[in-house]
Amino acid sequence: MSAARGRLDGRVAIITGATSGIGEAIAYRFAREGAVTVLSGRRSELGERNARRIADSGGRAAFVRADVREQGDIKALVAETVRRFGKIDILVNNAGVLGNVRFEEATIDDWRAIVDTDALGGISAMWEVLPLMRRQGGGCVINVTSIDATLSSPHEPLYCFVKAGMEHLTRALAKEYAAYNVRLNNLAPGLVATDLARANPEMFRKLEEGIPMRRAGTPDEMANIAAWLASDEASFVTGATIEANGGMVR
Ligand SMILES: NC(=O)c1ccc[n+]([C@@H]2O[C@H](COP(=O)([O-])OP(=O)(O)OC[C@H]3O[C@@H](n4cnc5c(N)ncnc54)[C@H](OP(=O)(O)O)[C@@H]3O)[C@@H](O)[C@H]2O)c1
């Protein structure tokens, strides 16, 4: 019998926003599945710690600091990954911030802040990585969006706007890049127990009560889906949105 193989053996993956929460869980999970994992984010201490933990448990990982709002940082992240590991098979655009400010209260700077991170951050990364995947003859992009892309919320219209835009961009690009064996999909979480979601504990509790499963999801539950989407088991899946929200059916 051959030795057990991980589902992502030999793949090189970049994960943005891998210093905490969902991105951190995806990085650990990808590493356990055999991927060389490049973690990114702004908080170097956390990123270095996560990369070290992966290395300590026998995986291959590196942390490259990047602010997704800076195109130069994204270029450097991609260049450094290729320099060290030779290719990029998987890109997870996970870095994100919340924009829970009501429409009339939002300033133009609020709009710019969320567009710069949750939209242009992922777009810049795809600009760098998609041509490379096309030349390589394949690849996989996962854009972490949100239930708010389709479940409109009056509390966070800015967030709904960017997440919906990213979901639709994924679908458009999936059609274009299918010919090159590059798959692009959305992972749309509902409420997940992370620092971002718990920032307002009262709101978190209220939201949890409204979930048919009566609980928030865990970062590991999101990582399970990302690992499947990135694996060959999902080889015919592109342009899809996988929703994981505890039964918030619309
Ligand atoms: N938790 C939920 O309920 C939920 C629900 C739906 C969707 N989501 C989405 O899931 C993704 C991850 O969120 P999370 O819940 O795991 O929150 P989190 O723990 O706060 O993680 C957010 C990550 O994004 C990174 N980030 C933020 N701004 C960045 C920037 N300018 N440049 C680079 N990295 C940046 C942060 O890293 P640094 O601070 O180190 O830069 C951090 O690693 C987000 O896209 C979010 O919209 C979350």
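**Exercise 1.** Decide whether isoleucine 123 is buried, partly exposed or exposed.

*Solution.* Step 1: isoleucine 123 has a relative accessible area of 23%. Step 2: buried means under 20%, exposed over 50%, and partly exposed in between, with a 1.4 Å probe and protein chains only. Step 3: isoleucine 123 is therefore partly exposed. Step 5: the C-alpha atoms of isoleucine 123 and alanine 79 are 16 Å apart, and the two residues are separated by 44 residues along the chain.

The model is predicted, so local features need pLDDT of at least 70 and side-chain atom pairs count only at pLDDT 80 or more, while totals for chains, interfaces and linings use all residues. Residues are numbered from 1 along each chain as its sequence is written, and side-chain values use heavy atoms, with hydrogens and water left out.

**Exercise 2.** Describe the surroundings of the ligand.

*Solution.* Step 1: the ligand is surrounded by 30 residues (a heavy atom within 4 Å). Thr19, Ile22, Arg42, Tyr159 and Thr194 are the closest. Step 2: look for polar contacts, which are pairs of N or O atoms within 3.5 Å. A polar backbone atom of isoleucine 22 is 2.8 Å from an oxygen atom of the ligand. For arginine 42, a polar side-chain atom lies 2.6 Å from a ligand oxygen atom. In threonine 194, an N or O atom of the side chain is 2.6 Å from an oxygen atom of the ligand. Step 3: on its own the ligand has 880 Å² of accessible area (Shrake-Rupley method, 1.4 Å probe), and the protein covers 95% of this area. Step 4: helix H1 (21–32), helix H5 (157–177) and helix H6 (195–198) are the elements that give two or more residues to the shell.

**Exercise 3.** Which elements supply at least two residues each to the lining of the largest cavity?

*Solution.* Step 1: a cavity is a set of points on a 1 Å grid over the protein atoms alone where a 1.4 Å probe fits but cannot get out, and lining residues have an atom within 4 Å of a point. Step 3: among the 14 lining residues, Asn93, Asn94, Ala95, Asp118 and Gly122 are the closest to the centre of the largest cavity. Step 4: the elements are helix H4 (108–136), strand S5 (139–144) and H5. H4 gives the largest share of the lining, 4 residues.

Conventions. A polar contact is a pair of N or O atoms within 3.5 Å; within protein, one must be able to donate a hydrogen and the other to accept it, and residues adjacent in sequence count only if both atoms are side-chain atoms. On a 1 Å grid over the protein atoms alone, a cavity is a set of points where a 1.4 Å probe fits but cannot get out, and a pocket is an open set with protein on both sides within 12 Å along at least five of seven lines; lining residues have an atom within 4 Å of a point.
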